[in-house]
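Reader: Hi! Could you walk me through this protein? I'd like to ask as we go.

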Amino acid sequence: MDLKTFYFFVWIRVYYYNNRFILNIKRKHKNKLGNFMLLLSLPYILIRYLLGVLIEKLRTSYIRKTNVKESKENFEHEIAIVAIAKNEGPYIREWIEYHRLLGVTKFYFYDNESEDQTKEILKSYIQSNLVSYFFIRGKARQLDAYNDAIKRFKYVCRYMAFIDLDEYLMPTIPYQPIERIVDEAITKYGKGASGIGVNWAIYGSSGYDKAPKGLITQVFNHRGNNRAVGNAHIKTICNPRRVKDYISPHYPLYQLGAYSVNETGDERLYVWFCLDRKYKNIRINHYYTKSKEQYLGKIARGLGDRVGEYKMEQFAKYDHNEIEDNSMNAYAAKLNENLKSE
């Protein structure tokens, strides 16, 4: 490891113990002013880092013992998904039915002022109690939704996954229950492991300009290579009782002594990315662009975690189509059958 890389990973660890503080500065003070404010705050940041490391070492044993105790308890739901969406009506049923095939028994769905009959589409799922539906107003409400779900339902679910409606959890072994993958990674790492970070596998447009007919998971079958731009990003499946606050769409702020590990349980994670990207046990198929026509719809919906917008330049950046990948075909027959019967 060269010196530059060493300092980078040292800074990542310092950042981890000052997540909320640094994020608040960067969000309030942009560019050079934000960097200047961080420089002024460096002594405080270093003191918080040292205290954080010390307190975490003292708490890790408690977190480990509590995790072992909870592993023997029963929960109403082994795995639930929390999501916020706006005008995603055409994709909802496929997304829900697919994740049901992986053992997801509960969806906490936050509707961010949709105008496309989202609630009507969800009606049967709400009536069967598969979906708990919440209407949430305003811009940049993603983290509010996540924290609300944790606060209200953390004792109902063993694990919660926090993903978007263009993201599909995909085990390497088809139909393997997601909670089993999480259990194995947490058990393997031990210590304070309380969740996993799952890497993106970004799928491109497969050459479509117009929205094609068919299911997302079947018509878009080209993705970037493992090291393509964006694939280092993670989303998190965690024990919600160990979460202090959700501070990013990608990862939570845990109680000191708890943290995420990578999907194999070999490496501790500190922030929003994991450089491994080998997809050994599970990945997230991220249908980021879809067709150009559908991406324009994404621009119109806007961002959920902050005030801002998607831009057309990002389509070219993330339109990854280097690898033809038909892994989702393993679910095609059952998924189509369930969608017809629903």
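This is a predicted model: local features need pLDDT of at least 70, side-chain atom pairs count only at pLDDT 80 or more; totals for chains, interfaces and linings use all residues.

Reader: Thanks! And what is phi of S206 near?

Author: Phi of S206 is near 50°, a positive value in a residue other than glycine. N87 is another such case, with phi near 55°.

Reader: Where do I find N87, then?

Author: Look in the loop between β1 (77-85) and α5. N87 is partly exposed there, with a relative accessible area of 22%.

Reader: Let's zoom out. How many helices and strands are there in the protein?

Author: There are 13 helices and 13 strands. The C-alpha atoms fill a box of roughly 60 × 50 × 40 Å along the principal axes.

Reader: What radius of gyration does the protein have, and what would a compact globule have?

Author: The protein has 20 Å, and a compact globule with 342 residues would have a value near 20 Å, so the two agree.

Reader: How much of the protein counts as buried?

Author: Of the 342 residues, 53% count as buried.

Reader: Now contacts. Taking those between residues at least 6 apart in sequence, what share joins residues at least 24 apart?

Author: That share is 77%.

Reader: Nice example. Is S132 buried or exposed?

Author: S132 is buried: its relative accessible area is 15%, and the cut-off for buried is under 20%. S132 belongs to strand β3 (residues 131-135). Leaving aside neighbours within four places in sequence, S132 is in contact with K106, F107, Y108 and F109.

Reader: How about Q117, buried or exposed?

Author: Q117 is exposed, with a relative accessible area of 55%. Its place is in the loop between β2 (106-111) and α6 (118-121). If you want a distance from there, the C-alpha atoms of Q117 and K290 are separated by 21 Å, and the two residues are 173 apart along the chain.

Reader: On to helices. Which residues are buried in helix α13?

Author: In α13 (residues 332-341), the buried ones are A332, L335, N338 and L339. Seen down the axis of α13, these buried residues fall within an arc of 135°, so they line one face of the helix.

Reader: And what do the buried residues of α13 pack against?

Author: They pack against α5 (89-100) and α10 (216-219). The face of α13 turned away from the buried side carries the exposed residues A333, K340 and S341.

Reader: Which residues of helix α2 are buried?

Author: In α2 (residues 19-28), N19, I22, L23 and I25 are buried. Down the axis of α2, its buried residues fall within an arc of 160°, so they line one face of the helix. They pack against α1 (3-16), α3 (31-40), α4 (42-70) and β10 (252-254).

Reader: Last one, on charges: how many positive and negative ones are there, and how far apart are their mean positions?

Author: The protein has 53 positive and 38 negative charges, and their mean positions are 7 Å apart.

Definitions and conventions
Residues are numbered from 1 along each chain as its sequence is written. Side-chain values use heavy atoms; hydrogens and water are left out. Helices (H or I, at least four residues) and strands (E, at least two) are DSSP runs, numbered from the N terminus. The radius of gyration is taken over C-alpha atoms; the globule rule is 2.2 Å times the number of residues to the power 0.38. Buried means under 20% relative accessible area, exposed over 50%, partly exposed in between (1.4 Å probe, protein chains only). Contact means heavy atoms within 4.5 Å. Lys and Arg count as positive and Asp and Glu as negative; His and the chain ends are not counted. The place of a charge is taken as NZ of Lys, CZ of Arg, CG of Asp or CD of Glu. The arc is that of the directions from the helix axis to the C-beta atoms.
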